[in-house]
Amino acid sequence: MSKFKFEPLKEVKRSIIVDTDIGPDCDDVGALVILYTYAKKYNIPIAGVINCTSNPYGAGAIDIIGKYCGCENIPVGMWSGEGFLWDETTMQYNKYISERFNTIYKPVGNSKVENSLDLYRHVLANAEDKSIVIVTIGPLNTISELLSSKGDAISPEDGRTLIEKKVHAVVTMAGCTSCKQREYNIVCDGNAAENFINNMPVPVIYSGVELGGKIDSGFDSDSIPDNANENPVYLSYKMYTEFRKMQPWFNKSYDLTAVHFAFEGEGEYYKLSDCGRMLIDRSENDATEFVLDENGNSYYMTNNCSVEKISNDFSQMLRKAGK
């Protein structure tokens with residue numbers, strides 16, 4: 001099988017959907033900053049942002065970061081399940097910024113968030129063929145739900161068919177690519193991950209835990225913004241890293257890499273492996289490993305420049321957000 005040619009959004013204009021678990025970590029905020037920054041730069045439509053958790057403040061955080069970055073009225077969806085990633089440890093910043101900056105979404109505002117499956121199916125049903133790129137930066141429950149969905153009033157076509165017809169590729173921050181081990185976004189919902197890994201009908205680009213884990217981004221004492229108390233990006237990083245007792249105010253860049261690749265593709269920053277498959281071992285607590293296979297439809301990312309350059313570029317985008 002010849003290598004799939006991923007067409008980055010900066011070169012081929014498509015719409016983008018980002019699926020995030022915003023709350024357990026603040027790198028989701030960084031990833032949204034990259035999304036909103038690049039979408040404005042290249043005039044890329046944001047078809048939707050999905051909160052894949054039950055966290056009641058996830059949609060609010062998505063809304064506030066978008067408004068701060070100059071992207072209002074972005075469609076937001078939320079998973080309909082209960083009890084998934086919504087304890088106190090997942091609310092170290094999203095609750096505060098939702099309330100502090102007065103989101104439109106419940107429980108702070110009055111607007112109800114659309115069901116994530118309905119949003120996914122509406123977007124895909126109304127899209128042109130191969131006109132969507134999906135980026136997942138959280139557990140795979142919502143995209144797995146889409147993949148397994150049946151025809152309905154939105155579209156007579158099932159989810160797998162909609163994805164196959166309408167999606168160019170999926171970029172996902174998930175799994176391990178250099179060795180066999182467990183990874184957070186996989187083990188949060190092993191059943192969903194297994195369905196995604198084994199049944200996704202379009203090419204999948206994996207940003208494994210190894211890549212973002214070596215790239216730090218954020219703020220330091222020399223880069224505290226002048227509007228610190230009015231800056232939800234800075235406050236999210238500050239509150240989360242202080243809660244985790246991390247060096248202020250830097251965090252790993254797991255999720256940023258996936259969104260960044262969707263726009264940049266291969267070239268200055270990244271390169272892709274040969275084709276292969278991600279494997280999940282349910283008998284070993286959902287550990288994953290990537291194996292090369294000429295008949296596979298998946299690839300994994302590695303850096304094509306120094307991690308210092310990527311770290312610096314990410315940090316600069318975070319610090320310039322809202323300007």
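The chain holds 12 helices and 13 strands, where helices (H or I, at least four residues) and strands (E, at least two) are DSSP runs numbered from the N terminus. This is a predicted model, in which local features need pLDDT of at least 70 and side-chain atom pairs count only at pLDDT 80 or more, while totals for chains, interfaces and linings use all residues. Residues are numbered from 1 along each chain as its sequence is written, and side-chain values use heavy atoms, with hydrogens and water left out.

**Overall form**

With 323 residues, a compact globule would have a radius of gyration near 20 Å, and the 18 Å of the chain agrees with this; the radius is taken over C-alpha atoms, and the globule rule is 2.2 Å times the number of residues to the power 0.38. Along the principal axes, the C-alpha atoms fill a box of roughly 55 × 45 × 40 Å. Of the 323 residues, 60% count as buried, a term that means under 20% relative accessible area, with exposed meaning over 50% and partly exposed in between (1.4 Å probe, protein chains only). Among contacts between residues at least 6 apart in sequence, 81% join residues at least 24 apart, contact here meaning heavy atoms within 4.5 Å.

The accessible surface comes to about 12900 Å², of which 45% belongs to carbon and sulfur atoms; such areas come from the Shrake-Rupley method with a 1.4 Å probe, and for residues only the protein chains shown count as cover. The mean positions of the 32 positive and 45 negative charges are 3 Å apart, with Lys and Arg counted as positive, Asp and Glu as negative, and His and the chain ends not counted. The place of each charge is taken as NZ of Lys, CZ of Arg, CG of Asp or CD of Glu.

**Strand S5 and its partners**

Six of the six residues of strand S5 are buried, so this strand is largely enclosed by the rest of the structure. Both of its faces are covered, with Ile-132, Ile-134 and Thr-136 buried on one side and Val-133, Val-135 and Ile-137 buried on the other. S5 pairs in parallel with strand S1 (residues 15-20) through six bridges, and in parallel with strand S6 (residues 167-173) over five bridges; two strands pair if DSSP finds at least two bridges between them. Strand S13 (residues 298-303) has a parallel pairing with strand S7 (residues 204-207) and an antiparallel one with strand S10 (residues 270-272). The table sets out one facing pair of residues for each of these pairings.

| Pairing | Sense and bridges | Residues standing opposite |
|---|---|---|
| S1 and S5 | parallel, six bridges | Val-18 and Val-135 |
| S5 and S6 | parallel, five bridges | Ile-134 and Val-170 |
| S7 and S13 | parallel, three bridges | Val-204 and Ser-298 |
| S10 and S13 | antiparallel, three bridges | Tyr-270 and Asn-303 |

Asp-129 is placed in the loop between helix H4 (116-125) and strand S5 (132-137), and it counts as exposed at 54% relative accessibility. Leaving aside neighbours within four places in sequence, Asp-129 is in contact with Lys-165 and Lys-166. The C-alpha atoms of Asp-129 and Val-167 are separated by 7.1 Å, although these residues are 38 apart along the chain.

**Helix H11**

In helix H11 (residues 254-264), 10 of the 11 residues are buried, so the helix is largely enclosed by the rest of the structure.

**Backbone exceptions**

Most residues other than glycine have a negative phi, and most peptide bonds are trans. Two cis bonds can be described in this chain, beginning with the one from Lys-106 to Pro-107, with omega near 5 degrees; Pro-107 is found in the loop between helix H3 (94-100) and strand S4 (114-115). The bond from Pro-248 to Trp-249 is also cis, with omega near -15 degrees, and Trp-249 lies in the loop between helix H10 (232-243) and strand S9 (250-252).

Leu-85 has a positive phi of about 55 degrees although it is not a glycine; it lies in the loop between strand S3 (76-78) and H3 and is buried, with a relative accessible area of 16%. Asn-102, likewise not a glycine, has a positive phi of about 60 degrees. Asn-102 sits in the loop between H3 and S4 and counts as exposed at 55% relative accessibility.
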